[in-house]
Amino acid sequence: MSAEKIFERRWALTLLEQVLRRLRGEYVQDGKEKQFEQLKPTLTEASSTVRYAEIAARLGTSEGAVKVAVHRLRQRYRELLRAEIADTVASPGEVEDEIRNLFAALA
């Protein structure tokens, strides 16, 4: 890897970690830290490897409720990611390009 690629990858990983910290903070503030910790793997693991029934059992809720919670978690993660990226670019029109650059750096 070139020095530029290494820098871009580190930037991407740092940005994703920052978004995850903000998201966790929101859940902790709402008294849902346990839910966040149980749902967090759904952000990074393939859907086929995450067992919603097992998460539901650990949280004492239904599988349907877990699916809704996962959907909301992912949606909020995307919102926070967009907001973080928007803070790093000069204009809102650059957000999409920066998101593409972020995922290219991780590939």
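Biologist: What makes Y27 count as buried?

Modeller: Y27 has a relative accessibility of 13%. Buried means under 20% relative accessible area, exposed means over 50%, and partly exposed lies in between, with a 1.4 Å probe and protein chains only. Y27 therefore counts as buried. This is a predicted model, in which local features need pLDDT of at least 70 and side-chain atom pairs count only at pLDDT 80 or more, while totals for chains, interfaces and linings use all residues. Residues are numbered from 1 along each chain as its sequence is written, and side-chain values use heavy atoms, with hydrogens and water left out.

Biologist: Why is the pair of Y27 and F36 called tilted?

Modeller: Rings of Phe, Tyr and Trp (its six-membered ring) pair if their centres lie within 6.5 Å; planes under 30 degrees apart count as stacked, over 60 as edge-to-face and the rest as tilted. By this rule there is one aromatic pair. The ring centres of Y27 and F36 lie 5.5 Å apart and the planes stand at 50°, so the pair is tilted. F36 has a relative accessible area of 1% and is therefore buried.

Biologist: Is E79 buried or partly exposed, and why?

Modeller: The relative accessibility of E79 is 37%, so E79 counts as partly exposed. This residue lies in helix α5; helices (H or I, at least four residues) and strands (E, at least two) are DSSP runs numbered from the N terminus. The C-alpha atoms of E79 and L23 are 9.9 Å apart, although 56 residues separate the two along the chain.

Biologist: Why is T42 called buried, and with which residues is T42 in contact?

Modeller: T42, found in helix α3, has a relative accessible area of 1% and is therefore buried. Contact means heavy atoms within 4.5 Å. Leaving aside neighbours within four places in sequence, T42 touches V50, Y52, I55, V70, L73 and R74 in this sense. In the protein as a whole, 54% of contacts between residues at least 6 apart in sequence join residues at least 24 apart.

Biologist: What makes a set of residues a nonpolar core?

Modeller: Such a core is a set of buried Ala, Val, Leu, Ile, Met, Phe, Trp, Tyr and Cys residues joined through side-chain atoms within 4.5 Å. The largest one has 25 residues, and those with the most contacts inside it are L23, L39, V66, L73, L81, I85 and L102. Two or more residues come from each of α1, α2 (33-39), α4 (52-59), α5 and α6. The largest share, eight residues, is given by α5. In soluble globular proteins, nonpolar side chains tend to be buried together. Beyond neighbours within four places in sequence, L102 is in contact with W11, A12, L15, L16 and L81.

Biologist: What makes a space a pocket and not a cavity?

Modeller: On a 1 Å grid over the protein atoms alone, a cavity is a set of points where a 1.4 Å probe fits but cannot get out; a pocket is an open set with protein on both sides within 12 Å along at least five of seven lines, and lining residues have an atom within 4 Å of a point. The largest pocket is lined by 15 residues, with L16, L43, Y77, L81 and F103 nearest its centre. The largest share of this lining, five residues, comes from α5.
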